[in-house]
Amino acid sequence: MSKNAAQKAEKASKKAGGFKLILFMTLVGCFIPFGIPTLLVGLGLIPTLVALATDADEKRSGLATIGYLNFAGVLPFWIDLWTNGQSMDVAMRIIRDPYSWVIMLGSAGIGHLILFTVPPAISIFIKSRQEARLDVLREGLKQLDAIWGPDVATMAPIEAVRKNKGIQ
């Protein structure tokens with residue numbers, strides 16, 4: 001990698017780190033005016049913050065999957081906190097209840113489960129469809145061979161392309 005490309009990559013990573021810091025500070029700043037009980041939301045969204053810091057995917061699919069489900073798990077308790085007066089008693093009742101933590105963190109766990117099971121399952125499905133299509137094409141090649149002879153149904157041009165592209 002050239003020196004110029006390395007400098008550009010370093011600037012891009014610094015820019016991304018700065019964006020994460022600004023986003024984190026904005027989230028903290030949004031919770032401060034509403035008091036400490038609303039920080040319950042911040043505690044419940046810890047898996048989302050971890051996903052924000054660790055997701056290396058360019059499309060941020062992990063952050064989206066984990067974040068949306070984690071937020072869906074925190075939302076009922078956030079609404080409960082706001083409808084019951086946003087007092088420290090209500091916040092402590094929610095924090096002390098283990099079921100609230102199971103729901104908040106379990107929803108993030110479901111996001112992890114989806115993130116790590118759905119893409120491999122889809123790739124297996126796509127691969128099986130491609131193999132079935134390849135079988136259909138091979139059968140068509142056999143039919144061409146039976147009707148027109150081996151000169152028409154040869155795979156020589158295909159093999160030449162495969163060798164040029166390095167495909168096995």
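**Exercise 1. Which pattern does the protein chain follow when read along the sequence?**

Solution. The model is predicted: local features need pLDDT of at least 70, side-chain atom pairs count only at pLDDT 80 or more, and totals for chains, interfaces and linings use all residues. Residues are numbered from 1 along each chain as its sequence is written, and side-chain values use heavy atoms, with hydrogens and water left out.

Step 1. Helices (H or I, at least four residues) and strands (E, at least two) are DSSP runs, numbered from the N terminus.
Step 2. The protein chain has 7 helices and 0 strands.
Step 3. Its pattern is therefore written α-α-α-α-α-α-α.

**Exercise 2. Find the salt bridge and place its two residues.**

Solution. Step 1. A salt bridge is a side-chain nitrogen of Lys or Arg within 4 Å of a carboxyl oxygen of Asp or Glu.
Step 1. The structure contains 1 salt bridge. R93 pairs with D80, and their closest N and O atoms are 3.0 Å apart.
Step 2. R93 belongs to helix α5 (residues 88-96) and D80 to helix α4 (residues 61-83), so the pair ties together parts that are 13 residues apart in sequence.
Step 3. Relative accessible area sorts residues into buried (under 20%), exposed (over 50%) and partly exposed (in between), using a 1.4 Å probe and protein chains only. R93, at 44%, is partly exposed, and D80, at 21%, is partly exposed as well.

**Exercise 3. Describe the aromatic pair.**

Solution. Step 1. Rings of Phe, Tyr and Trp (its six-membered ring) pair if their centres lie within 6.5 Å; planes under 30 degrees apart count as stacked, over 60 as edge-to-face and the rest as tilted.
Step 1. This rule gives 1 aromatic pair. F71 and W78 form it, with 6.0 Å from centre to centre and 80 degrees between the planes, which is edge-to-face.
Step 2. F71 is partly exposed at a relative accessible area of 35%, and W78 is partly exposed at 23%.
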